[in-house]
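Open the model in a viewer and keep the sequence beside it. The stops below are given in the order in which to select them.

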Amino acid sequence: MAILGIDIGGSGVKGAPVDPARGELLDERYRVPTPQPSEVSSVVEAVAEVAGRFSGYDRVGVTFPGVIVDGVVRTAANVDPSWLEADAAKLFAQRLGLPVAVLNDADAAGVAEVAFGAGRGQPGLTVMLTFGTGIGSALFLDGILMPNTEFGHLELGGVDAELRAADRAREVEDLSWEDWARRVQTYLRHLEMLLSPQLFVIGGGVSKKADRYFPLIDVRTPMVPAALLNNAGIIGAAVTAEQAAGHAGPLTVDAAHAGAPRS
Ligand code: BGC
């Protein structure tokens, strides 16, 4: 069964049909720029544009760069505030006419890495981190996701960690790899102190350049770059939509019932 995975990011909305059993894209992904401002109705239309590019899928998984509880957006650090408290699952299901599962972007990337990539078969606690516009996090115990951890907003040097150590900080402040790696190291040591994980999986666009900064970071926890790169969010969204299909879980909103009040 093909499931459409869509990844809403700071600069692009990307999607492709996915084989959730193999964790593989079934077609070339299609990308449209994320509307600016990224307010609700224009992002819903961007998602519909990506979805309209493909056919032959019967449910959809969508990632969102904020906390998602029961399909509802609870935080919007790097997207338009109109998303706060928006019922994203219902909005997408109504627009696409199909069941939709929505989850946090880093959680989706982590789900894919744990199922098919760098975190596969890893026992105990695994922390996936995505370094991009913000810092996303996903926590797994024996491969099971604890959603919405938001470790990017831990305080580091008196400010939100992602403001200092996200890849955007490196770019905006024009930091050398050494300077940025020092910040990332401080951040990872803080996480180690709190969680004692068995593995860090490092994702986000910057994971492609792991050879530039991995050797500069000294932490006790083994650290590996993400394996699925740009496609992790799309794949993780589709896998989650498939899991939600098996049981009428809280992540999925059926389009037919999307207008009905929540029970
Ligand atoms: C958001 C997270 C998101 C991360 C990466 C953070 O600012 O709070 O929910 O996962 O950025 O997009």
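Start with Asn148, in the loop between β11 (144-146) and β12 (155-156). This is a predicted model, and in it the phi of Asn148 is near 60 degrees, a positive value in a residue that is not glycine. Stay in the loop between β11 and β12 and select Glu150. Its phi is also positive, about 55 degrees, and Glu150 is not a glycine either. Most residues other than glycine have a negative phi.

The ligand sits in the largest pocket.

Now show distances from the oxygen atoms of the ligand. A polar side-chain atom of Asn78 is 3.0 Å from a ligand oxygen. For Asn104, a polar side-chain atom lies 2.9 Å from an oxygen atom of the ligand. In the side chain of Glu162, an N or O atom is 2.8 Å from a ligand oxygen. The ligand on its own exposes 310 Å², of which the protein buries 93%.

Finish at Pro37, in the loop between β4 (30-33) and α1 (40-52). Select Gln36 with Pro37: the peptide bond from Gln36 to Pro37 is cis, and its omega is near -5 degrees. Most peptide bonds are trans.

How values were computed: Residues are numbered from 1 along each chain as its sequence is written. This is a predicted model: local features need pLDDT of at least 70, side-chain atom pairs count only at pLDDT 80 or more; totals for chains, interfaces and linings use all residues. Side-chain values use heavy atoms; hydrogens and water are left out. A polar contact is a pair of N or O atoms within 3.5 Å; within protein, one must be able to donate a hydrogen and the other to accept it, and residues adjacent in sequence count only if both atoms are side-chain atoms. Accessible areas come from the Shrake-Rupley method with a 1.4 Å probe; for residues, only the protein chains shown count as cover. On a 1 Å grid over the protein atoms alone, a cavity is a set of points where a 1.4 Å probe fits but cannot get out, and a pocket is an open set with protein on both sides within 12 Å along at least five of seven lines; lining residues have an atom within 4 Å of a point. A molecule sits in a cavity or pocket if more than half of its atoms lie within 2 Å of its grid points. Helices (H or I, at least four residues) and strands (E, at least two) are DSSP runs, numbered from the N terminus.
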